[in-house]
Amino acid sequence: MDHSGGHGMTTDLPPFTLGRGLEWSADPFFLVACLLGLGLYGWGVVRLVRRGDKWPVGRTVAYVIGVLTVMLMMCTRLNDYGMVMFSVHMVQHMVISMLSPILILLGAPITLALRALPTAGRDRTGPRELLLMLLHSRYLRIVTHPAFTIPLFIASLYALYFSPIFDFLMGSEVGHIGMMVHFLAVGVVFFWPIMGVDPGPHRPGYLLRMLELFAGMPFHAFFGIALMMASEPMVSSYKNPPASLAIDALTDQNAAGGIAWAFSEIPSVLVLLALLFQWHGSEQRQARRTDRAADRDGDKELEAYNAYLASLNARGN
């Protein structure tokens with residue numbers, strides 16, 4: 001029985017149940033990538049701790065859960081069912097593009113890498129130096145700019161599903177993996193400037209970030225509604241589901257639309273919470289800085305203001 005991503009074994013899948021969907025069926029590419037991602041992150045944390053540095057537990061937890069959500073979507077039978085059921089594929093797409101990236105970004109993997117990787121020494125270029133070059137590159141400034149990320153986020157829905165591109169990608173193992181990697185990457189570049197903990201090239205103020213977040217979400221909802229309202233199956237790959245699944249293509253497509261529509265709310269709430277926490281934290285840091293400055297210069301500002309009031313008072317007399 002061929003387990004590689006579901007090709008060849010999707011014709012005789014029994015009707016979908018959550019239990020069947022969660023059975024182990026690893027996609028080799030994603031299994032290796034996820035294990036590598038967890039291993040490298042773990043190495044970074046251990047290195048910091050051994051050095052006597054602290055690394056927030058919350059970040060580690062967020063990152064690990066983020067990577068595990070990718071594994072859950074790609075290394076179980078959900079991935080096999082996703083090849084023949086639009087609704088299951090939509091769950092994969094939503095989690096990988098809108099939940100996994102947020103959790104991975106909250107894990108601050110780039111900050112960890114910058115702190116854990118050794119410096120290469122004078123005039124030499126090591127992994128840390130390459131990472132810094134990438135962070136400061138014009139390329140990264142472009143791909144994380146809202147003028148790029150918001151259209152990309154929208155095109156990943158409309159241009160992909162409502163054109164022949166989707167069916168072409170679903171036709172091969174490489175195409176399917178490429179599409180899932182694309183979903184994850186789009187999620188990362190969309191959410192990184194908005195709520196990522198890591199240093200990034202494009203960092204607007206908190207209100208602008210909220211606007212960026214909400215600029216993309218209505219399109220998501222409309223996409224879901226379009227699928228829910230459609231009177232015929234719109235994606236060729238899912239027009240003729242295997243008889244063994246005992247499902248109707250249109251009903252399944254409507255369910256996929258409902259999932260896309262409902263899911264657009266989840267990241268909004270998560271990101272808003274993360275943003276509010278970050279905003280609150282930065283306000284507190286600012287207040288602490290002001291307090292420290294006041295301690296240092298003996299409240300010079302206050303003295304100057306009092307002197308100014310006294311001069312006004314003298315003039316009034």
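**Pockets, cavity and a helix pair**

Gly58, Arg59, Leu106, Val197, Leu270, Leu273, Ala274, Phe277 and Gln278 line the second largest pocket. The model is predicted: local features need pLDDT of at least 70, side-chain atom pairs count only at pLDDT 80 or more, and totals for chains, interfaces and linings use all residues. Residues are numbered from 1 along each chain as its sequence is written, and side-chain values use heavy atoms, with hydrogens and water left out.

**Second largest pocket**
- A pocket is an open set of points on a 1 Å grid over the protein atoms alone, with protein on both sides within 12 Å along at least five of seven lines; lining residues have an atom within 4 Å of a point.
- H3 and helix H14 (265–296) each supply at least two lining residues; helices are DSSP runs (H or I, at least four residues) numbered from the N terminus.
- H14 gives the largest share, five residues.
- The lining divides into six nonpolar, two polar and one charged. Ala, Val, Leu, Ile, Met, Phe, Trp, Tyr, Cys and Pro count as nonpolar, Asp, Glu, Lys and Arg as charged, and the others, Gly among them, as polar.

**Largest pocket**
- The largest pocket holds about 1,000 Å³ of space.
- Of its 34 lining residues, Tyr63, Ile104, Pro109, Ile110 and Val188 are the closest to its centre.
- H2 gives the largest share of this lining, 10 residues.
- By class, the lining has 31 nonpolar, two polar and one charged residues.

**Cavity**
- The whole structure has one cavity of 30 Å³ or more; a cavity is a set of points where a 1.4 Å probe fits but cannot get out.
- The largest cavity holds about 40 Å³.
- Its lining is His93, Ser97, Phe153, Ser156, Leu157, Phe183, Val186 and His220.
- H9 supplies the largest share, three residues.
- Four lining residues are nonpolar, four are polar and none is charged.

**H5 against H13**
- The axes of H5 (residues 86–106) and H13 (residues 249–263) come within 8 Å and cross at roughly 15°. Axes are lines fitted to C-alpha atoms over the stretch in contact, and angles run from 0 to 180 degrees between N-to-C directions.
- H5 and H13 are therefore roughly parallel (under 35 degrees).
- In H5, the residues in contact (heavy atoms within 4.5 Å) with H13 include Phe86, Met90 and Met94.
- The H5 contact with H13 has 12 nonpolar, two polar and one charged residues.

Note on methods. Angles under 35 degrees count as roughly parallel, over 145 as roughly antiparallel, 65 to 115 as roughly perpendicular and the rest as oblique. Grid points are joined across faces, edges and corners, and a volume is the space filled by probe spheres set on the points.
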